[in-house]
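Let's take a walk through this model together, one feature at a time. Have the viewer open and follow along.

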Amino acid sequence: MILIWGEAPLATKLLYLYDSYLKEFEAKVESISGNAAILDQSAFHPLTGGVGCDLGWLAKGDVRFRVVRVEIDRATKIVSHLLETEPTGLNQGDTVKGMIDWDRRYCLMRLHTAAHLIAAVMYKDYSALITGGQVDVDQAKLDFNLPRTDREVFEDAVKKANEEAAKKVELKIYFLSREAALKVPGVVKLAERMPPEEQELRIVEIPGIDLQADGGPHVKNTGEIGNIQLLRIENKGKNQRRLYFKTA
Ligand SMILES: [Zn+2]
């Protein structure tokens, strides 16, 4: 929910796109509406792209306001920081310090990178395409198009994903123009799915394993993921299998 009076603010600069390890940042308050704060830039990851949102605090001097939910308006690219209460004393033009709940964020990052590893193995070894997914703080789920229902397939995929993680591969995150991205094998199908107005694509590459256009926070090295554990598998209908997993 975003309510704006007067001049519409510009899209929020998304700091986590450039640095997933940024825990604190300074920003200018663009507007306050009820309990929603809009800033000129933010390291808070909003609820988008199948990855849960960050929680944390905005501080003005000694006064802290708890961030309980973060949303992004897909059309305007404006991020709303929903606060626990209406932020008395916080006004347009103020400078605030944003602080991410890092324990939560780091869990999301580890699970998100783990999800890319599992999806890559499922595609490579079982030709299973991912049809959906959600990374939450305590567990993640991935939906696959797969005719087989046997648990062994997923046990094998998780085992192989753990083997890849143990190789401690450094991730590469970079931006490519849409034109350049379309020339990279493997990105093409994803790039074509991106809205045409996206002129620049953020590429998340786990060298030798996976390469995707992706807007979420990730760990720097697969060695940070820890041990991926299969929680359960659900049969969601014809050829639809859902895998739940966590990291420890
Ligand atoms: Zn992703």
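Start at the zinc ion: its donors are His-112 (NE2), His-116 (NE2) and Asp-214 (OD), at 2.0 to 2.1 Å. Donors here are N, O and S atoms within 2.8 Å of the metal (3.2 Å for Na, K and Ca), and since water is not among the atoms, sites may look incomplete. Along the sequence, the donor residues follow the spacing H-x3-H-x97-D. His-112 sits in helix H1 (residues 102–126) while Asp-214 is in the loop between strand S13 (210–213) and strand S14 (228–235), so this pair ties together parts that are 102 residues apart in sequence. Helices (H or I, at least four residues) and strands (E, at least two) are DSSP runs, numbered from the N terminus. His-112 is buried, with a relative accessible area of 5%, and Asp-214 is buried too, at 13%. Buried means under 20% relative accessible area, exposed over 50%, and partly exposed in between (1.4 Å probe, protein chains only).

A word on the ground rules: this is a predicted model, where local features need pLDDT of at least 70 and side-chain atom pairs count only at pLDDT 80 or more, while totals for chains, interfaces and linings use all residues. Residues are numbered from 1 along each chain as its sequence is written, and side-chain values use heavy atoms, with hydrogens and water left out.

S13 also belongs to an open sheet of 3 strands, in the order S11-S12-S13 with antiparallel pairing. Its edge strands are S11 (172–177) and S13, each of which pairs on one side only. Two strands pair if DSSP finds at least two bridges between them; strand S12 (residues 200–206) and S13 have 4. Within these strands, Ile-206 stands opposite Asp-210 in S13.

Now for the greasy part. The largest nonpolar core has 35 residues, and those with the most contacts inside it are Ile-118, Met-122, Phe-144, Phe-154, Ile-228 and Phe-245. Such a core is a set of buried Ala, Val, Leu, Ile, Met, Phe, Trp, Tyr and Cys residues joined through side-chain atoms within 4.5 Å. Elements that each supply at least two residues include strand S10 (140–145), helix H2 (151–166) and strand S15 (240–247), but H1 gives the most, with 11 residues. Zoom in on Phe-154: leaving aside its neighbours within four places in sequence, it is in contact (heavy atoms within 4.5 Å) with residues including Met-122, Phe-144, Leu-230 and Leu-243. There is also a second, separate core of 21 residues, which includes Leu-39, Phe-65, Val-67 and Leu-83.

Finally, the rings. The structure holds 5 aromatic pairs; rings of Phe, Tyr and Trp (its six-membered ring) pair if their centres lie within 6.5 Å, and planes under 30 degrees apart count as stacked, over 60 as edge-to-face and the rest as tilted. Tyr-21 and Trp-102 have ring centres 5.8 Å apart and planes at 45°, so they are tilted. This pair links distant parts of the chain, with Tyr-21 in the loop between strand S1 (13–14) and strand S2 (24–33) and Trp-102 in helix H1, 81 residues apart. Tyr-21 is buried at 17% relative accessible area, and Trp-102 is buried at 18%. Phe-144 and Phe-154 make another tilted pair, because their centres are 6.3 Å apart and their planes at 50°. Back at the other pair, ring pairs link Tyr-21, Trp-102 and Tyr-106 into a cluster.
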